[in-house]
Amino acid sequence: MTHIPVAIFVGGTSGIGRGMVEAFAHHVNGNTHIIIIGRNQAAANESIRSFPKPTESKADSTSPDNDLPIHEFISSDFSLISNVHETANTLLNRLKKVDYLVLTPGVSLLARRKETEEGLDEKMALSYYSRWTFIRDLLPLLRKSNIRGGARVYSVLSAGRGDLGTIQVDDLDLKKRHTIERCRLAVSTYTDLMMQKLAREEPRISFSHAFPGLVRSPMITSSRWWLTAAYYLFYPFFAFFSQTPEVNWTLVSFQPPS
Ligand SMILES: NC(=O)c1ccc[n+]([C@@H]2O[C@H](COP(=O)([O-])OP(=O)(O)OC[C@H]3O[C@@H](n4cnc5c(N)ncnc54)[C@H](OP(=O)(O)O)[C@@H]3O)[C@@H](O)[C@H]2O)c1
C-alpha cells in the first residue's frame, strides 16, 4: 500500500476550496497526490504553481500514479450528475485509494433557479446532488485509505442551518415550489442527513459537514448586482464580520496529516 496520501478537492480552484488545497499542500510540503476538480484550468494551474515542490521524489518509480506526489487538475462540470459519474469512474480506474475528499463546489445560494439539462437546479446540483453522487461513487476508494483514523470526507456548506420541518417530501428537488430560502434550508438539511447516514453506514470513514461563516470569496460578489454594490459600500463593516478563504481554512476542523 502507498504511503503518499491522495487528496481530492472538488471546487479547489477558488475561494474556500482553493484556500484549503493551498494550505494542505503547504502543510505536507507538497508530498501528496493532490487532484483539483473544477472548470477553471488557469486558476488550478496558478494554485498548483504555488505548492511546495515535493521532497519525496519517486518520479523514477514504475509504480501506479497514486504512489507519486503529483499535483494535477481534472476539468469537469459537476452541475451535471453524468459528469460526476464519469469523473468518479476515471478515478476508480486510476487510483488505489482516496484519503481526503474535500467538497466545496457551488454557486451562490442566492442565485435564481437555473435548470440544468438534467432537470436539477444548478445550486442544488452543485451543493448537494453532485457531492452525494461523488462520495457514493468513491466509497470503494475511501474504504481503502490507510491513514490513521480512516479517510476524511469534508463538505463545506451550512451545517446545522437546515430545518427538517420545512422539507417538502413531495418536491425534494423543489421543481414545483422553489424559493431561495427553501433551497437553502433543503440543501443544508439534506447534507446534514447525508453525512449522518454515511457516518452510520461507514464507521471507518470520517464525514464532516461544515459551515464556514462569512468568507470573502468570489462567490460573495457573483450572484446579484445589489449584493455586489452592498459589499463594496459596506466593505469595512462586512470585513469585520468575515474572513479571507486562507484564514478560514485554519478555523475549520478538517484534519490534514500530521
Ligand atoms: N463564501 C461564503 O461566505 C460561504 C458561506 C457559507 C457557505 N459557503 C459555501 O462554501 C462553498 C464554497 O464557496 P466559496 O465561497 O469558496 O465559492 P467560490 O469562491 O465561488 O468557489 C466555488 C467553487 O465551485 C466551483 N464550481 C462552480 N461551479 C462549478 C461547476 N459547474 N462544476 C464544477 N465546479 C464548479 C468553482 O470552480 P470552477 O470555477 O473552476 O468551476 C469554484 O472552485 C459553497 O458551497 C458555498 O455555498 C460559502
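A polar contact here is a pair of N or O atoms within 3.5 Å; within protein, one must be able to donate a hydrogen and the other to accept it, and residues adjacent in sequence count only if both atoms are side-chain atoms. This is a predicted model, where local features need pLDDT of at least 70, side-chain atom pairs count only at pLDDT 80 or more, and totals for chains, interfaces and linings use all residues. Residues are numbered from 1 along each chain as its sequence is written, and side-chain values use heavy atoms, with hydrogens and water left out.

**View 1. Helix H2 and its buried side.** Helices (H or I, at least four residues) and strands (E, at least two) are DSSP runs, numbered from the N terminus. At the start of H2, a side-chain oxygen of Asn-40 gets to within 3.3 Å of the backbone nitrogen of Ala-42. H2 spans residues 41-49, and its buried residues are Ala-43, Ala-44, Ser-47 and Ile-48 (buried means under 20% relative accessible area, exposed over 50%, partly exposed in between, with a 1.4 Å probe and protein chains only). They sit on the same side of H2 because they cover an arc of only 135° around the axis, taken from the directions from the helix axis to the C-beta atoms. The buried residues of H2 pack against helix H1 (15-27), E2 and strand E3 (71-75); contact means heavy atoms within 4.5 Å.

View 2. Of the 28 residues around the ligand, Thr-13, Ser-14, Ile-16, Arg-39 and Ser-217 come nearest (a residue counts as near if one of its heavy atoms lies within 4 Å). An oxygen atom of the ligand is 2.4 Å from an N or O atom in the Ser-217 side chain, and a ligand oxygen is 2.7 Å from a polar backbone atom of Ile-16.

**View 3. Ser-108 in its loop.** Ser-108 belongs to the loop between E4 and H4 and is buried, with a relative accessible area of 7%. Leaving aside neighbours within four places in sequence, Ser-108 is in contact with Lys-123, Met-219 and Ser-223. A polar atom of the Ser-108 side chain also lies 3.0 Å from the backbone nitrogen of Leu-110. Ser-108 and Pro-218 are 110 residues apart in sequence, yet 9.7 Å apart in space, C-alpha to C-alpha.
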